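Here is a short report on one protein chain.

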Amino acid sequence: MLGILRGVTKPVAAVQAACLLRVQLSTALRIGEVLALTTADVVLDGPTPTVTVGATVMPASPRGLIRRPMAKSEDGHRVVPLTHDGVDALREAAALGLNRRPDRLWLPSMTGGRLRQPGAIRTELARLVGGTDLAEVISHNFRKTTATRVARAYDNATAAALLGHSGTGTIRHYVQRSHRAPDARDVLDVNDLD
């Protein structure tokens, strides 16, 4: 999937959506959290590039969006390190030359620097993967994929913290189960049974 996203070169709306999805794979942020990022929330230079999650994009009415200045929950307010690809994706998004004013959004709408609709990202993803074996992939899969990788490499508590959850109770919805049984041969490989 990352190869598909990195290969998007036009149109601008698709490139920006691909950049956002790469940031999502880098951080496990929700689409609304990525769309709410401003220059004040992002540190790309230095030993540990980060994004500070302190807002989310939400519908305010059937036609408008707001940048709610708090994340979905108290635990949702967090500072998340960025991978190299996440840094590259944000730089590529900024290089698109879109009007980022007045809020200095990293991923603004195509015109006027306003908030971009989360649904527009989902539509672009459907276009990018349509007709491929990834056609069933939705944007929430990116969050789940990242959480699964982190949980397997570390533990569920680390994955929950990355997701902005207060505990591991909801992690089962994000971390894919392994269909491989644990290697217990050291216990089971015996010549005689007592």
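Contact here means heavy atoms within 4.5 Å. Among contacts in the protein chain with a separation of 6 or more, residues 24 or more positions apart account for 60%.

This is a predicted model, in which local features need pLDDT of at least 70, side-chain atom pairs count only at pLDDT 80 or more, and totals for chains, interfaces and linings use all residues. Residues are numbered from 1 along each chain as its sequence is written, and side-chain values use heavy atoms, with hydrogens and water left out.

**Overall make-up**

The protein chain holds eight helices and five strands. Helices (H or I, at least four residues) and strands (E, at least two) are DSSP runs, numbered from the N terminus. Their order from the N terminus is α-α-α-β-β-β-β-β-α-α-α-α-α. The chain has 194 residues, and 42% of them count as buried. Buried means under 20% relative accessible area, exposed over 50%, and partly exposed in between (1.4 Å probe, protein chains only).

Three strands form an open sheet in the order 1-2-5, with antiparallel pairing. Two strands pair if DSSP finds at least two bridges between them. Strands 1 and 5 are the edges, each pairing on one side only. Strands 1 and 2 are joined by two bridges. Val43 has Thr50 of strand 2 as its bridge partner.

| Strand | Residues |
|---|---|
| Strand 1 | 42–43 |
| Strand 2 | 50–53 |
| Strand 5 | 78–81 |

**Core**

A nonpolar core is a set of buried Ala, Val, Leu, Ile, Met, Phe, Trp, Tyr and Cys residues joined through side-chain atoms within 4.5 Å. The largest one has 44 residues; Leu20, Val51 and Leu90 touch the most other members. Helix 2 (12–27) gives the largest share of this core, eight residues. Several other elements supply at least two residues each, including strand 2 and helix 4 (84–94). Leaving out residues up to four places away in sequence, Leu90 touches Val23, Val42, Leu44, Val51, Leu82 and Trp106.

**Helix 2**

Helix 2 is mostly covered, with 14 of its 16 residues buried. From first C-alpha to last, helix 2 reaches 23 Å, close to the 22 Å expected at 1.5 Å a residue. That expected span is 1.5 Å times one less than the number of residues. Ala28 follows helix 2, and its phi is positive, near 70 degrees.
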